[in-house]
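I am keeping these entries as I look things up, going from single residues to the whole chain. The entries follow the order in which I looked.

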Amino acid sequence: MKIDASKPLEYSTEENSNKIFGFWVFLGAEIPLFATLFTVYFVMVNRFADGPSGPELFEIGPVLAETFLLLTSSFTIGLAVHAMRLGHKKAMMIFMGITLLMGLGFIGIEIDEFFTYVHEGATLQTSGFLSSLFVLLGTHGAHVSFGFLWGVGIMIQLWRRGITPATANKTFIFSLFWHFLDVVWIFIFSFVYLKGLM
C-alpha cells in the first residue's frame, strides 16, 4: 500500500481515493430515493381522509430542536475531520462523540414525535398524507440511526487503532454521509414542516 504524503490522510492511498469516489456514487444513488419520497409526499400532502392535516399535527418546538441538533452535529463532524487532519486523536474523538450524542438526541425527539402522532390517532393507515409523511420521516430517521451505529463502530476503531489511513478514510466517508443527512433534513424542515404549518 503506497501512501502519498502530499494528500490528506483520508485520500493518501489509491484504495482510499477509490472508496471516497465510490461513496459519492452511493450518495448520488440516495438522491433519487429521497426525491421519490418527497414526490410521493407532495402528491399526497392534501389527502387527509378523516385524519389530521399538517397544521393540526405539527408542533414547531420539537422540529426546531431536531433542526438545531442535526445542523450543529454537521458542524461538529466537520471539526472532527479537521482534528483528524491535524493528528489530534483526543479532539477528534470528542467531536465525534458530540456529533453522535446530538444524532441520538435527534432520534429520541423523532421517536417521541411519532408516538405523539399515533396517540393523536395519526397512523400510517389513517390517510395518504400520513403514510407518505411517516415513510419520508422514517426513512430519514432510519438513516440517522444507521449513521449513529456506524459512527460508534468508527469510534471504537479509532480508540483501538488511532488515526491511520484506514480510520481516517472511514471517518471522512462517515462525515460525507452525515452532511448528506443534514441536507435532506433542511428540505424536510423547509418543505414538510414550515410549509405544512402555513
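I began with Phe-42, and I noted that this residue is partly exposed, because its relative accessible area of 40% falls between the limits of 20% for buried and 50% for exposed. The model I am reading is a predicted one, and I keep that in mind for every entry.

I then looked up where Phe-42 sits, and I found it in helix H1, which covers residues 14-44. Phe-42 also belongs to a nonpolar patch on the surface, together with Val-183, Phe-187 and Phe-191, and the accessible area of these residues together is about 370 Å². Helix H6, residues 165-196, gives the largest share of this patch, with three residues.

Next I turned to Ala-49, which lies in the loop between H1 and helix H2 (54-57). I wrote down that its phi is near 55°, a positive value in a residue other than glycine. Is Ala-49 buried or exposed? Ala-49 counts as exposed, because its relative accessibility is 64% and the limit for exposed is over 50%.

Last, I looked at the whole protein, in which I counted six helices and zero strands. The C-alpha atoms fill a box of roughly 65 × 30 × 25 Å along the principal axes, and 45% of the 198 residues count as buried. I also noted that the protein exposes about 10,000 Å², of which carbon and sulfur atoms supply 70%. For the charges, I recorded that the mean positions of the 11 positive and 14 negative ones are 18 Å apart.

Terms used: Residues numbered from 1 in each chain as written. Predicted model: local features only at pLDDT ≥ 70, side-chain atom pairs only at ≥ 80, totals over all residues. Heavy atoms only, no water. Patch = residues over 30% accessible without salt bridge, like charges linked within 9 Å, V, L, I, M, F, W, Y side chains within 5 Å. Areas by Shrake-Rupley, 256 points an atom, 1.4 Å probe, with all protein chains shown as cover. Salt bridge = Lys/Arg side-chain N within 4 Å of Asp/Glu carboxyl O. Helix = DSSP H or I, 4+ residues; strand = E, 2+ residues; numbered from the N terminus. Buried < 20%, exposed > 50% of the residue type's maximum accessible area, 1.4 Å probe, protein only. Lys, Arg positive; Asp, Glu negative; His and termini not counted. Charge placed at Lys NZ, Arg CZ, Asp CG, Glu CD.
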